[in-house]
Amino acid sequence: CTQECQGGYDRNRGVILCQQHMMNSSALIESTMIHELIHAFDDCRAHVNWSDLKHHACTEIRAANLSGDCSFIQEVTRGNLSIRAQDVK
């Protein structure tokens, strides 16, 4: 992968994982794979229009929520320890 990303989903190529950006972390690989598979599922089920920002936002929110991106442990790992003002960051 040429971009600084962990993976992506492309309607024509499917799920893409960028191993060089995963730091050999099985947990990161797993959560990224789940995140991208949710995009693939949404695309097949709901025929996502990737140019429509509402569609794109909806699938991103679903993927972040269902893949564990929004878990308490993930937020602690990111350094988001404060209970107050979480929406300000």
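**Exercise 1.** In this predicted model, work out what the buried residues of α2 pack against.

*Solution.* Start by picking out the buried positions: in α2 these are T59, A63, A64 and S67. Their directions span an arc of only 130 degrees around the axis, so they sit on the same side of α2. Now look for the partner: these buried residues pack against α1, residues 26-46.

**Exercise 2.** Go through α1 and find which residues are buried and what the cover over them includes.

*Solution.* With buried meaning under 20% relative accessible area, the list for α1 reads L28, S31, T32, H35, E36, I38, H39, A40, D42 and D43. Next, check the cover: it includes the strands β1 (7-10) and β2 (14-17), along with α2.

**Exercise 3.** Compare the reach of each helix with its expected span.

*Solution.* Take α2 to begin with: its 15 residues, 53-67, reach 21 Å from the first C-alpha to the last, close to the expected 21 Å at 1.5 Å a residue. Then do α1: with 21 residues, this helix reaches 30 Å between its end C-alphas, again close to the expected value of 30 Å.

Methods:
Residues numbered from 1 in each chain as written. Predicted model: local features only at pLDDT ≥ 70, side-chain atom pairs only at ≥ 80, totals over all residues. Heavy atoms only, no water. Helix = DSSP H or I, 4+ residues; strand = E, 2+ residues; numbered from the N terminus. Expected span 1.5 Å × (residues − 1). Buried < 20%, exposed > 50% of the residue type's maximum accessible area, 1.4 Å probe, protein only. Arc of directions from axis to C-beta. Contact = heavy atoms within 4.5 Å.
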